[in-house]
There are 2 protein chains.
Amino acid sequence: MIKNIIVGQSGGPTAVINSSIAGVYKKAKEMGVENVYGMVYGIEGFLQENIINLDDYFKDEENFELLKRTPSAFLGSCRYKLPKVEDNQEVYEKIFDILEKHEIDALFYTGGNDSMDTIKMLSDYARDNNKPQLFMGVPKTIDNDLPITDHCPGYGSAIKYVATSIKEVIRDNASFGINKPTVLIIEIMGRHAGWLTCGAALAKGDDCEGVDAIYLPEEDFDMDEFKGRVKDLASKKKSVVIAISEGIHDSTGKFICELDNDNKAVDAFGHKQLSGSAVTLANIINRETGLKTRAIELSTLQRAATHIASLTDINEAMESGARAVEAVFNGETGKMATIIRKNSNPYEVSYEVYDIHDIANVEKKVPLEWIDSENKQMNQAYLEYARPLIMGELTPIFENGLPKHIVR
Amino acid sequence: MIKNIIVGQSGGPTAVINSSIAGVYKKAKEMGVENVYGMVYGIEGFLQENIINLDDYFKDEENFELLKRTPSAFLGSCRYKLPKVEDNQEVYEKIFDILEKHEIDALFYTGGNDSMDTIKMLSDYARDNNKPQLFMGVPKTIDNDLPITDHCPGYGSAIKYVATSIKEVIRDNASFGINKPTVLIIEIMGRHAGWLTCGAALAKGDDCEGVDAIYLPEEDFDMDEFKGRVKDLASKKKSVVIAISEGIHDSTGKFICELDNDNKAVDAFGHKQLSGSAVTLANIINRETGLKTRAIELSTLQRAATHIASLTDINEAMESGARAVEAVFNGETGKMATIIRKNSNPYEVSYEVYDIHDIANVEKKVPLEWIDSENKQMNQAYLEYARPLIMGELTPIFENGLPKHIVR
């Protein structure tokens, strides 16, 4: 019998991380759970017994609808990794004491690779110490780098924003067609895996020429190749637009954003100032070719843009949360909800749960066979994979001219 | 009798500059104009006789709807200032030759201060040389710095995007509430006038705490005051969010983005590298206080985000274009369409035309009495001015998961 449950949010926020808890909440209430608690600021807040009852907010249908349209972590998030059990028994005892005190039978945690480690540690501890509580992960990351699951809730909305914005700035960059070419370099999040940057490929279509090149951290960045490509492009067209991952690096593993900073003497305070990769490349191209350049860093905008979230993504986040709830009703623990793709066209998925030990701390990169290295573009296989994930919209509820959110 | 007309786009693009030409096209066809031509790449393209017939695109109703939802200049833009008539007779003769060749009776030009100079020069030339053609300006600038008109089409959509994005990143920045504070500095366009940055004030509401401070170029930037404010804010709250104009400057007139660069020795190539104002301030705060900082530059995203354009703005852009057409049918020339505010609540405007000589090259700044200097916020007067401008939305037409545009 599952009487009460608790859900927490962990790691970097996304546009749909709140839809994950919406899915957990809705399914749990359907299944007869008495109290659905939320931990404020993840497991770190939980350790301070910072807990709220989600009924106080989401019995109200309008609030529930707002939750799906509210960016970032409604409950607050953390970047806290549980310590090893050995020498840290007291942390675990405290967690289980709080669970028992509130008669919480199952704990759900939305997050990426690091956050899934929390589910692994807690379910292992419960198993080793004969604790009855159940632990379930709910995938969430714009980085899309969790293994086993076909893709991660959060990714579809992030690339929908990336592709929408890139379509818009490609047009902006092409406004002035008579004068010298302008080279626009767009930096997209992704330190180790280039999933988000791949999304730039979706901009291309009948109404958009798309980006001229895409550089991912999955391949070593060759500065000479890059300069040659930009010069060649600028000799042929007035607007050159290139998408790069923040984590692009040379063959020695050195990040491009560090490269140019070596050329800088330290400032008056004795500090080097790190610029982003796009700014670094824009500066290098400008000073070596004289071409006009501009750098745009999509920064946290790309993970917070719920106003243009993908409805498919929102629904999948909710379904993943719901599937995790079903799993604990089947007595399962130490697993994460996963999305299984059955077909891309028409798009069809199912939801399962999978052993957390194969998921926690593992990072899935973009398959090399999806990258057209020669043309610096994504192959058709990626487009077929990604296109369904950005389909559909959930129109914001506007108030005073702006999308309305819900606050804790 | 007005047989044919031509319309051109000039200066930096906006989210609704295409709605201006939509308004010109629609009204002109209603009034019986035979051909509505478009100049490709503004007056610069016109001088190369780069002209299209808008009927080829906009007789189709769906295309016309797409035009209103397409960012940047559909016709292409330019930054070309007509030379003085003295010593440059041939430029003017060429323009009027092309007008006569195509039997064009009136020329419409959408743009900001510099672009309105083109209308002034051409209408003055026509007057001085007994030419029958009429010249009319249609206001357009995200900068909102044209005089006489209450506000400029393009501004409402830009601040709707700014406020929407800021609401989203404020939440993102507040995700991690347990650890050290994070200072987020958001840089918004506006070199001389802070109109766009004021829009950050609209983010505040029942569901958003708003930005903690707003710095505009209308007031000198005091670095000590800034540092003190940030330190004070960071001692009281975990998330500090500050909006700044790109053009903030100290009391000597020196731009803040130049300030920090003085501290940098030149790089190996002998160049100084300019960073934006937000990056500069984020670096200074980080190294002097140890606080975690992040800088976001909204860059061209803020002028291209038609996907979240204001319907009020779109309609006003169209109405301004229509009013300019009506004016030439009344035989008027050398004027710009203006928006007259009759009331803010309920919001009510009318459209007029005004002598271009009082408009071209004049820059309207944010009234100092709208700035709460002590708290670095905008007064109620600004909020009452700006709120009506962001009301309403025109839902994009989505195709393959992305807003669809029209291409020339």
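## Interface and symmetry

The copies meet through the same surface, because 100% of the interface residues of chain A are also interface residues in chain B; residues are in contact if their C-beta atoms, placed from the backbone, lie within 7 Å. This is a predicted model, in which local features need pLDDT of at least 70, side-chain atom pairs count only at pLDDT 80 or more, and totals for chains, interfaces and linings use all residues. Residues are numbered from 1 along each chain as its sequence is written, with chains lettered from A and ligands numbered from 1 in the order in which they are written.

Chain A superposes on chain B by a rotation of 180 degrees with 0.0 Å of shift along its axis (RMSD 0.0 Å), fitted by least squares on C-alpha atoms of residues with pLDDT of at least 70 in both. That is the relation of a two-fold axis.

## Contributions to the contact

Chain A and chain B bring 65 residues each to the contact. On the side of chain A that touches chain B, α7(A) gives the most, with nine residues.

## Helix α5 of chain B

Helix α5(B), residues 89–101, reaches 18 Å from its first C-alpha to its last; helices are DSSP runs of H or I with at least four residues, strands runs of E with at least two, numbered from the N terminus. Its buried residues are Y92(B), I95(B) and L99(B) (20 or more other C-beta atoms within 10 Å of their own; exposed means 12 or fewer, with C-beta atoms placed from the backbone). On the other side of α5(B), exposed residues include E93(B) and D97(B). Among the elements covering the buried residues of α5(B) is α6 (113–128) of chain B.

Technical notes:
Two residues are in contact if their C-beta atoms, placed from the backbone, lie within 7 Å. The expected span of a helix is 1.5 Å times one less than its number of residues.
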